[in-house]
Amino acid sequence: MVLSRNHIAPLAFTVIFSGSAITAPTSESTVDNGDGTFTYTQRISAASTPPHYTAPNGYGFDQYSWFDEDYTWQHSFAGFAVPNVQFIEATLFIRGWDVDSEPFHGTNGEYDGISVDGTALSPGLLQGQHATWSETSFTLPISSVTDDGLINVALDIDMNHTQRTWATTLDYSELTLTYSIIENEPPAAPLLSAVPNGMVSVDEDLSVTVIGPNPSDPDGDSVTYRYRWFVDVGQGFYVDDEFAGKPENTTAILPAANTALGEKWQVEVVAVDSNGLISSPTYITWHRIGDSDGDGVEDSLDAFPLDPNRAFSTRTPTNGFYTLAFEDTWPSKGDYDLNDFVIHYAFTQIANANNDIVEIQFEGDVIARGAIKANSFAISFPNTTQSNLSTSSLFIEGEPQSGFIEEGHDNAIVAVLMDNANEYLRSDEQFTFYNTETGDARLPVSIQATLVFNTPVASNLLGSAPYNPFIFNTFQRGIEIHLPNHLPTQKANSALFGSADDNSNIDAGRYYSTVGNLPWGLNIAEEWLHPYERVDVLAAYPSLKTWAESAGLASQTWYLNAENGKHWSSN
């Protein structure tokens, strides 16, 4: 029989697949709608037989099934290859019991995924309530029918769990195809443009515009569009807007009043020509409302709104710089001018939404070198290892440096940010040292360093800026000078503790201070002006002694009380 626009009839035949006839499922029918269209319905249930359904042992249709009891079935449409069969509707309708996918469960709810020919559908999961029968309607891509007439459906039960948490059972799966037999092509799948395109604030409408293709229909038929909206309100999967308790929307614009902070939205658009023929659906998905990267931190609070791995950036200090100053004569006090290595510094700590540290940035200006001996400047970052470094970089005066991560540390990353300060802060014909003598006011030497971690490090384990900075003798690696009560590294010479003027006690956890608590390293919350060469820091800043002897309880702003003429100035 030749079928044309003027002769439309229901399909009634057996089609051979792979050399064998399809066995009829439990229920199959074709209805003449009386308007030139026909509706084919095929229902698969526990009573269906292969190849439509092979009942698993102990689970499947009509039986409670758990996360590890997924199963499949196969719908078929024998008329897929008949000339001029064009579709007006293509849906999959599934009836399930006790589908606890109510949005209020969050990601701990029951989410039973539905896919066809290996592709997840929208809404993509069964929608239903506790202890009741629920029906979910899915829009089928036309290509899933026309490619071979076989629609392979898979049920992925309780996708969010790997233990028996939620169970469900299905009554049936029903394929509904409404079609015409007509010498006319369906419209093309629409090309879409979304507004806004990117970050979405809570007060913005969402809208979709069809921008192509041109022509939208190969026969020149007029085309309209159908819209179906889906929302993820925090469960991790899209559901119909009305199922999530939203007003049902069938237009191209979703009012901002329908959305809320943290939600994700998707729209399905199907082209329909003047003959009622439909295209396959096209989807547009927006960023999370007010949280563009979906990390759970709204954009207004997110320093990296488009990066799900970064959320917060904290600089220490917030503005300007603090100071680190060291005396390299440890374990003796020496001239105690604390200007052998002086650096103004700032750290930027970048954390993810859980406040775990993913990146550390360091910026510093090395101000002074009052040492004859060659010293190196390093920082130890505790409770992580070199293998956890994703990337690291170091620049001195804008020039990249390599090999600055020191080997041989089991539970810390040690970054040597300046190897041999004498090479960078040189003596000249006039000055033996660098910015520690009267009249010497040369420019500082800049350092920038970045450490990025493979696995974020909990902030309570990593500690806070400045972590554990220290200097060490470039040619006698075991001589390390840290801030008071900061741990030495594995390379430190422990035999030096408690010698000369040092009052360290390893068992008591006391390091790098004298009997009177005077330190060999200072961390100062100010861009500090260090003493001139061979001027005892206690002469330049007399209240430092009170601060040290009180264990930091008294004279806490000692660094603001300087004696005139005893400290260096850049002026």
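I began with terms: two strands pair if DSSP finds at least two bridges between them. Strands (E, at least two residues) are DSSP runs, numbered from the N terminus. This is a predicted model, where local features need pLDDT of at least 70, side-chain atom pairs count only at pLDDT 80 or more, and totals for chains, interfaces and linings use all residues. Residues are numbered from 1 along each chain as its sequence is written, and side-chain values use heavy atoms, with hydrogens and water left out.

**Entry 1: around β10.** I looked up His75 and found that its bridge partner in β10 is Ile151. Strands β5 (residues 71–76) and β10 (residues 150–156) are antiparallel and share 6 bridges. I also saw β7 (residues 113–116) run antiparallel to β10, with 4 bridges. There, Val116 has Val153 of β10 as its bridge partner.

**Entry 2: an open sheet.** I traced 5 strands in the order β26-β27-β23-β29-β30, with antiparallel pairing. Which strands stand at the edges? They are β26 (405–406) and β30 (476–482); each has a single partner strand, so one side of each is left without a neighbour in the sheet. I found 2 bridges between β26 and β27, and Ile405 has Ala415 of β27 as its bridge partner.

**Entry 3: the lining.** On a 1 Å grid over the protein atoms alone, a cavity is a set of points where a 1.4 Å probe fits but cannot get out; lining residues have an atom within 4 Å of a point. Ala415 turned up again in the lining of the largest cavity, where I also noted residues including Phe362, Phe404 and Leu451.

How values were computed. On a 1 Å grid over the protein atoms alone, a cavity is a set of points where a 1.4 Å probe fits but cannot get out, and a pocket is an open set with protein on both sides within 12 Å along at least five of seven lines; lining residues have an atom within 4 Å of a point.
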